[in-house]
Amino acid sequence: KKAIWVGLNYIKNYNPKYVILLDSDTFLSEKNIKAGIYYLEKYNFSAVSFNIILYGDNIWNDVFGINKGIYFYMLKGFSGNKDQLSLNGECIIGKFNDIYEAYEELIDKYSNKRIGDDQLLSSILINKGKKIFYLDHYYVISKGVNNFKELIKKNIRYTRGFIYSFLINIK
């Protein structure tokens, strides 16, 4: 959270129109960048994220991918907002000013919480009346899980995030 905030404050001086939040082990194509910007502008979204393909050929990636899909649909269905989805933290493209304002609140209120900033960012944007979108027909590649211990650790993080996001977004 804090590293992204430092980066956002640094580039703020250059008045960017867009920002990409990207994990260091995630691969994003130029085609996807253009598609993300297209959707931001055409539909007035504040942020978009992509379908994630996990690299690494093992059963743990398959299980994690299924769990992550279930998480996304549960968050959408139980939030009280049928359009709500959490942004995929591995790769987010957004309008700089909207992302900056949301991160300002995120840092102010939630910097001590053990929850993913992607989930908080999604909740804050939605509660500010902003629109987010999940481009499920565009794919980026990111590092997967390699063993059972990593799978459990990620599932605990996602479950904690789901519960916290649910509480923030309950209407």
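The points below look at one strand, its partners and a serine in a loop.

1. A reminder before we start: this is a predicted model. Please read each point below with that in mind.

2. Let's begin with strand S4, residues 91-95. Here 5 of the 5 residues are buried, so the strand is largely enclosed by the rest of the structure.

3. Which residues of S4 lie on each side? Cys91, Ile93 and Lys95 are on one side, while Ile92 and Gly94 are on the other.

4. Now for the partners of S4. Strand S1 (residues 18-22) runs antiparallel to S4, and 5 bridges join the two.

5. Within S4, isoleucine 93 has valine 48 standing opposite.

6. Do take a look at serine 46, in the loop between helix H2 (30-42) and S3. Is this serine buried or exposed? Serine 46 has a relative accessible area of 2%, under the 20% cut-off, so it counts as buried.

7. What does the side chain of serine 46 make a polar contact with? The partner is the side chain of aspartate 98, at 2.7 Å. Leaving aside neighbours within four places in sequence, serine 46 is in contact with several residues, including Ile93, Gly94 and Lys95. Leu40, Ile99 and Leu125 are also among them.

Methods. Residues numbered from 1 in each chain as written. Predicted model: local features only at pLDDT ≥ 70, side-chain atom pairs only at ≥ 80, totals over all residues. Heavy atoms only, no water. Buried < 20%, exposed > 50% of the residue type's maximum accessible area, 1.4 Å probe, protein only. Helix = DSSP H or I, 4+ residues; strand = E, 2+ residues; numbered from the N terminus. Pairing = 2+ DSSP bridges. Polar contact = N/O pair within 3.5 Å; in protein donor to acceptor, adjacent residues only side chain to side chain. Contact = heavy atoms within 4.5 Å.
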